[in-house]
Amino acid sequence: MKCRFFAVTSVLFLTLFAPPIFAEGDNVVQENHFYIESNGGISFPLGFFSTEFKRYDLMTYGANFSAGMGLNFGGWMFGLEVTRDMWQESADQNNLLVTFNNNILMLRVQKVLNKATWNFLPRWLEFVPGLGVGVNFVNASFYTSTRAKDDDLISKIEFPDPEGLALVAKMSFEISLWFGRDWIIPYIGADYTVFLDSLAGISFVSFPRAYAGVRIYPGSIVRSIQEGGASRYKKSIGTWGPAVANVSVSPKTQFVPSSAKNGGLEIALSYEYLEYKSDRWQVEVLDEDGSVCKSWEGSGSVPGKITWDGSTDGGIPLISMQNYTIRFMLVPQEEDRTRNGQQMIGTQTKVTTGIVQNKESDSLFHIYLNLPEEDRDETFNALAKSLGQNAKASVTVYAETTQEAQQVWQEALSRGASAESVKILSSSSLKTQIEIIIQK
């Protein structure tokens, strides 16, 4: 018996560890090597061999199930397996065993042999020999003697009693079916398990097992789903029209660039029908003459929103009561330019600035204006209306000279402006514009 055991073990060992013969196939390697598996089947009679190589059965047929997980590296599978074998009937009425159960925790190594290994095999067929070693926690009910049996005195070993601990080894051979995807791989198999039984003074107990199960690669499922989504996305690209850029602002009117205390101007940016991020992008604020007052630029991802405080690149507040243009331009990546022929996409929108009271404190706002502007009547009318709504406000007018500041206030008075107190001051920094501060 021992000679036959070692002969079979040696052949299996050579089968597993002969790389020139059993080369790995490319259909086994997984992007995600992790697998889980489960199987169940029949446990054949549990028994042992005598010194005369005569087999004695202890239990009749039983049932089993197991679950495991592991990693597949180029067709070499290294896994951890938990198996439960259950026998509920003694093989002979004279036997002292009543029930016998294995609870096996085992480390396993298996080798996938397929068409890449042996070219004569069909692509869908795989042979998987394996070896395993581990521990077995036996739980059983038995009689300690024939007298105990006559007296119906049953002894029990409960899981995980150390008295039922045994070393275990297994040889296995499986046939699996591979249909091009590793979502679920069905297989059938048989194995032969040997373990050291300390319960009845018997050295080695063994039994064969036949089973069927499935092996699953979760990473393969995830990857297939992702590839399916990518495939659908690629197909949808074929229906795309020209790429477009979008820009919007809030608030669109009555924004006070000189204040920037009302939360600023929110510039929302987006684009459609581009597969990749931008090569570069740019946002500009242009005055009525088309001059660039403020700009932002970058590459890659386009920010969904930019907040503008109303000042120029140099930090100077822009003039109130003016119209400004927000322009958004984007250069696509080369792949998108090749696909749709568009070298650049862009769009723009208008924003009108005005006189709006500070929304946060409801107590203070600034107005910057130019005296020579043709639309100054509209500016002074708005100023007078604002002061009419805040009769108790105090006004401070700054200009380069006090004479210019006084002229501004007279213009406001002629349109019905009034205030509790008025200050006329000069500031040498205001060479091209006037600053008006209104405070409750």
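Trainee: How many of the residues of the protein chain count as buried?

Mentor: In this predicted model, 43% of the 440 residues of the protein chain count as buried. The chain exposes about 23000 Å², and carbon and sulfur atoms supply 57% of that area. Its secondary structure comes to six helices and 23 strands.

Trainee: Among contacts between residues at least 6 apart in sequence, what share joins residues at least 24 apart?

Mentor: That share is 68%. Leaving aside residues up to four places away in sequence, L96 touches F142, Y143, T144, S145, T146 and K149.

Trainee: Where does L96 lie, and why is it called partly exposed?

Mentor: L96 is in the loop between strand 5 and strand 6. Its relative accessibility is 28%. Buried requires under 20% and exposed over 50%, so L96 falls in between and counts as partly exposed.

Trainee: Let's turn to the rings. Why is the pair of F48 and Y56 called stacked?

Mentor: It is one of the 10 aromatic pairs in the structure. The ring centres of F48 and Y56 are 5.6 Å apart, and their planes are at 25°. A pair needs centres within 6.5 Å, and a stacked one needs planes under 30 degrees apart, so F48 and Y56 meet both conditions. Y56 itself, at 38% relative accessibility, counts as partly exposed.

Trainee: What makes the pair of Y187 and Y211 edge-to-face?

Mentor: Here the centres are 6.4 Å apart and the angle between the planes is 80°. That distance is within 6.5 Å and that angle is over 60 degrees, so the pair is edge-to-face. Y187 belongs to strand 11 (residues 185-196) and Y211 to strand 12 (residues 204-216), so this pair links distant parts of the chain, 24 residues apart. Both Y187 and Y211 are buried.

Trainee: Which residues form one aromatic cluster?

Mentor: Those are W87, F100, F195 and F207.

Trainee: How do you know that R215 lies over the face of Y187?

Mentor: R215 is 4.7 Å from the ring centre of Y187. The cut-off for the distance is 6 Å, and the charge must also be within 35 degrees of the ring normal. R215 lies over the face of Y35 as well, at 5.9 Å from that ring centre.

Trainee: What makes E37 and R215 a salt bridge?

Mentor: Their side chains meet at 3.0 Å, N to O. The limit is 4 Å, so the contact qualifies as a salt bridge. E37 is in strand 1 and R215 in strand 12, 178 residues apart. Both residues are buried.

Trainee: How many salt bridges does a search of the whole structure find?

Mentor: It finds 13. Another of them joins R327 and E284 at 2.4 Å, N to O. R327 lies in strand 18 (residues 323-332) and E284 in strand 15 (residues 278-286), so the bridge ties together parts that are 43 residues apart in sequence.

Trainee: Why is E284 called buried and R327 partly exposed?

Mentor: E284 has 8% relative accessibility, which is under 20%, so it counts as buried. R327 has 26%, which lies between 20% and 50%, so it is partly exposed.

Trainee: How do you know that R339 and D336 are separated by about one helical turn?

Mentor: They are three residues apart in helix 4 (residues 334-340), which means about one helical turn between them. D336 is buried, with a relative accessible area of 0%, whereas R339 is partly exposed at 32%.

Trainee: Which residues do salt bridges with shared partners join into one network?

Mentor: The network holds E37, E81, R108, K170, E174, D191, R209 and R215.

Trainee: Finally, which residues make the nonpolar surface patch of about 960 Å²?

Mentor: They are F34, I36, M69, L71, F73, F78, L80, V82, L105, L107 and V133. Strand 1, strand 4, strand 5 and strand 6 each give two or more residues to the patch. F73 is in strand 4. Its relative accessible area is 43%, so F73 is partly exposed, and a patch residue needs over 30%.

Technical notes:
Residues are numbered from 1 along each chain as its sequence is written. This is a predicted model: local features need pLDDT of at least 70, side-chain atom pairs count only at pLDDT 80 or more; totals for chains, interfaces and linings use all residues. Side-chain values use heavy atoms; hydrogens and water are left out. Rings of Phe, Tyr and Trp (its six-membered ring) pair if their centres lie within 6.5 Å; planes under 30 degrees apart count as stacked, over 60 as edge-to-face and the rest as tilted. Buried means under 20% relative accessible area, exposed over 50%, partly exposed in between (1.4 Å probe, protein chains only). Helices (H or I, at least four residues) and strands (E, at least two) are DSSP runs, numbered from the N terminus. Contact means heavy atoms within 4.5 Å. Accessible areas come from the Shrake-Rupley method with a 1.4 Å probe; for residues, only the protein chains shown count as cover. Patches are made of residues with over 30% relative accessible area and no salt bridge: like charges are joined within 9 Å, nonpolar side chains (Val, Leu, Ile, Met, Phe, Trp, Tyr) within 5 Å.
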